[in-house]
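Please look through the model shown below, which is a predicted one.

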Amino acid sequence: MKLNSDVKMVPVPSHSIIPERDSGKPVVLEANHLGIQFGGLKAVDDFNLTIGRTEIAGLIGPNGAGKTTVFNLLTKVYQPTTGTVLLDGKDTAGMSVVDANRMGIARTFQNIRLFDKMTVEDNIRIGLHNQVRYGMLPGILRLPSYWQGEKKQHQRAMELLHIFNMEDLADVRAGSLPYGAQRRLEILRALATNPKLLLLDEPAAGMNPTETEELMRTIARIRDEFQIAILLIEHDMSLVMGVCEGICVLNFGRVIAKGTAEQIQNDPVVIEAYLGKQQEEA
C-alpha cells in the first residue's frame with residue numbers, strides 16, 4: 001500500500017524539496033550544517049534537512065548511522081557542536097528539551113517511555129500539562145475553574161484515544177497494555193502536547209504487517225487532522241516507502257541521499273550502503 005504516490009515535491013531555496021501543497025508557506029524545520037562530536041568521534045556531521053509544514057518525512061540508515069542522535073539534536077537533548085536548528089523560523093540554540101517542546105516539537109522514543117503504573121488516560125493528560133488553564137490555588141481549593149479544566153482535559157484525552165480506538169482502555173494501567181498498544185499510547189501522549197512537528201522513533205517496532213499497515217494510515221490521518229509535519233525513523237521499508245514523501249538517508253553520521261521514495265529506492269549509493277549491495281546475476 002502506498003499513500004504517497006500522488007504527492008508532488010518541489011524545490012525550496014535551501015536546496016531541499018517539500019510537498020507542493022506546502023510551497024509558499026514557512027517551513028516547519030530547518031537543520032543547517034548540524035553536527036555533534038563526542039571526543040574525537042563525529043556522530044553527526046554537516047546534517048541538513050528541511051521539512052514542509054504538513055510533510056511526512058523519513059530518516060533512514062543502517063544501525064549506528066546517527067538517526068537517533070539527530071532526533072536528540074532536534075529536541076535539544078544534545079546541544080550541537082556545529083550548525084543551527086530553526087523551528088518555525090526560530091533559532092533553538094541554547095534551549096532546553098522543555099523549551100523546544102513548548103515551541104512545538106514532540107517525540108516518541110525507540111524504547112517505550114510510559115508511566116507504567118498510571119492509567120492510559122493519565123499518561124495522555126501528562127502530555128496536556130502545557131494546556132492547563134487554572135493555577136495552583138484553584139487546584140488546591142477545587143474551585144469551579146479547576147473542575148472546568150479537568151473536564152476539558154478528560155474530553156481532550158478521549159478525543160486523542162479515539163484516533164487509535166483506545167477509549168475503552170482509558171482506565172487501564174499503561175504497563176499492562178500489549179506492546180503495540182503501548183507504542184500507540186506513546187504517540188498519543190506526544191500529540192497531546194499540541195506539536196507542530198512530531199518525531200516518531202521506530203513507531204512500527206514490534207508490530208505485525210497488519211498493524212504496520214494500519215499505522216501507515218493513522219500517520220497520514222494524524223497529518224491530515226492535525227495539519228502538522230511528521231518525521232519518522234523506521235527500519236520497516238514498507239512503512240517508509242508507503243507513507244513518507246521526502247526521505248533522507250544517513251550513513252556514518254552524514255547524509256548520503258535525499259529524495260522521494262522512488263528516487264531513494266533506485267539510488268545506487270543507498271542500495272549499496274543501506275539496502276545491501278546488489279548481487280550480480282549469475
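Four elements each supply at least two residues of the lining of the largest pocket: α2 (97-103), β8 (105-107), α3 (120-127) and α6 (179-192). Of these, α2 gives the largest share, four residues. The lining of this pocket holds 18 residues in total, and V97, N101, R107, F109 and T193 are the ones that lie nearest the centre. The space in the pocket comes to about 480 Å³. Sorted by class, the lining has nine nonpolar residues, five polar ones and four charged ones.

Rolling a probe the size of a water molecule over the atoms shows where empty space is left. In this predicted model, the count is one cavity of 30 Å³ or more. The volume of the largest cavity is about 40 Å³. Which residues line the largest cavity? They are T108, R183, E186, I187, L200, D201 and P203. Helix α6 provides the largest share of this lining, three residues, and α6 and β9 (197-201) each supply at least two. By class, the lining of the cavity divides into three nonpolar residues, one polar residue and three charged residues. Domain 1 and domain 2 each contribute at least three residues to the lining of the largest cavity.

At least three residues of the core come from each of domain 1 and domain 2. When neighbours within four places in sequence are left aside, L191 is in contact with L160, I163, L198, I222, F226 and I228.

Is α3 largely enclosed or largely open? Six of the eight residues of α3 are buried, so the helix is largely enclosed by the rest of the structure. The buried residues in α3 are V120, E121, N123, I124, R125 and G127. One of them, E121, has a relative accessible area of 9%. Buried here means under 20%, so E121 falls in that class. What does E121 touch beyond residues up to four places away in sequence? The residues touched are H154, A157, M158, A170 and D171.

With a relative accessible area of 27%, I256 is partly exposed. Leaving aside neighbours within four places in sequence, the contacts of I256 are with V249, N251, V269 and A273. The C-alpha atom of I256 is 12 Å from that of G66, although the two residues are 190 residues apart along the chain.

Two residues deserve a check of their backbone angles. Most residues other than glycine have a negative phi, and most peptide bonds are trans. K76 is not a glycine, yet K76 has a positive phi of about 75°. K76 is found in the loop between α1 (67-74) and β6 (82-87). The relative accessibility of K76 is 4%, so K76 counts as buried. D88 is a residue other than glycine with a positive phi, near 55°. The place of D88 is the loop between β6 and β7 (90-91).

Notes: Residues are numbered from 1 along each chain as its sequence is written. This is a predicted model: local features need pLDDT of at least 70, side-chain atom pairs count only at pLDDT 80 or more; totals for chains, interfaces and linings use all residues. Side-chain values use heavy atoms; hydrogens and water are left out. On a 1 Å grid over the protein atoms alone, a cavity is a set of points where a 1.4 Å probe fits but cannot get out, and a pocket is an open set with protein on both sides within 12 Å along at least five of seven lines; lining residues have an atom within 4 Å of a point. Grid points are joined across faces, edges and corners, and a volume is the space filled by probe spheres set on the points. Ala, Val, Leu, Ile, Met, Phe, Trp, Tyr, Cys and Pro count as nonpolar, Asp, Glu, Lys and Arg as charged, and the others, Gly among them, as polar. Domain bounds come from an automatic or database domain assignment. Buried means under 20% relative accessible area, exposed over 50%, partly exposed in between (1.4 Å probe, protein chains only). Contact means heavy atoms within 4.5 Å.
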